[in-house]
Amino acid sequence: MAKEYPHADLVLIDGAKLTSLMIDYDLGVTTDKEIKVKRMDTDYFNRDE
């Protein structure tokens, strides 16, 4: 089938790559839930009093 388009550059990708591209470009996906990732605030604990 790709032989029918000699004027076009076609790149074949697998399902994992397709999924990654869909997520990166928000194509066909919906955000269900967002999570917060917290880190320790070392400046808070290193205060000179």
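Mentor: Let us start with Tyr44, which is partly exposed, its relative accessible area being 48%. Here buried means under 20% relative accessible area, exposed over 50%, and partly exposed in between, with a 1.4 Å probe and protein chains only. Phe45 counts as exposed because its value is 58%. Before we go on, a word on the source: this is a predicted model, in which local features need pLDDT of at least 70 and side-chain atom pairs count only at pLDDT 80 or more, while totals for chains, interfaces and linings use all residues. Residues are numbered from 1 along each chain as its sequence is written, and side-chain values use heavy atoms, leaving out hydrogens and water.

Now to the rings. Rings of Phe, Tyr and Trp (its six-membered ring) pair if their centres lie within 6.5 Å; planes under 30 degrees apart are stacked, over 60 edge-to-face, and the rest tilted. That rule gives one aromatic pair. Its partners are Tyr44 and Phe45, edge-to-face, with 5.0 Å from centre to centre and 85° between the planes.

Stepping back, the chain has two helices and zero strands; these are DSSP runs numbered from the N terminus, helices being H or I of at least four residues and strands E of at least two. Lys36 sits in the loop between H1 and helix H2 (42-45). With 76% relative accessibility, Lys36 is exposed. From Lys36 to Arg47 it is eleven residues in sequence and 25 Å in space, C-alpha to C-alpha.

The loop between H1 and H2 also holds Val29, which is partly exposed at 36%. Setting aside residues up to four places away in sequence, Val29 touches Met22 and Ile23, where contact means heavy atoms within 4.5 Å. Val29 and Thr19 are ten residues apart along the chain, and their C-alpha atoms are separated by 9.5 Å.

Another place to look is Val11, in the segment before helix H1 (15-24). Val11 is exposed at 69%.

Finally, the whole chain. Of its 49 residues, 0% count as buried. The C-alpha trace spans about 75 × 25 × 15 Å along its principal axes. The chain exposes about 5,800 Å², with carbon and sulfur atoms supplying 53% of it; accessible areas come from the Shrake-Rupley method with a 1.4 Å probe, and for residues only the protein chains shown count as cover.
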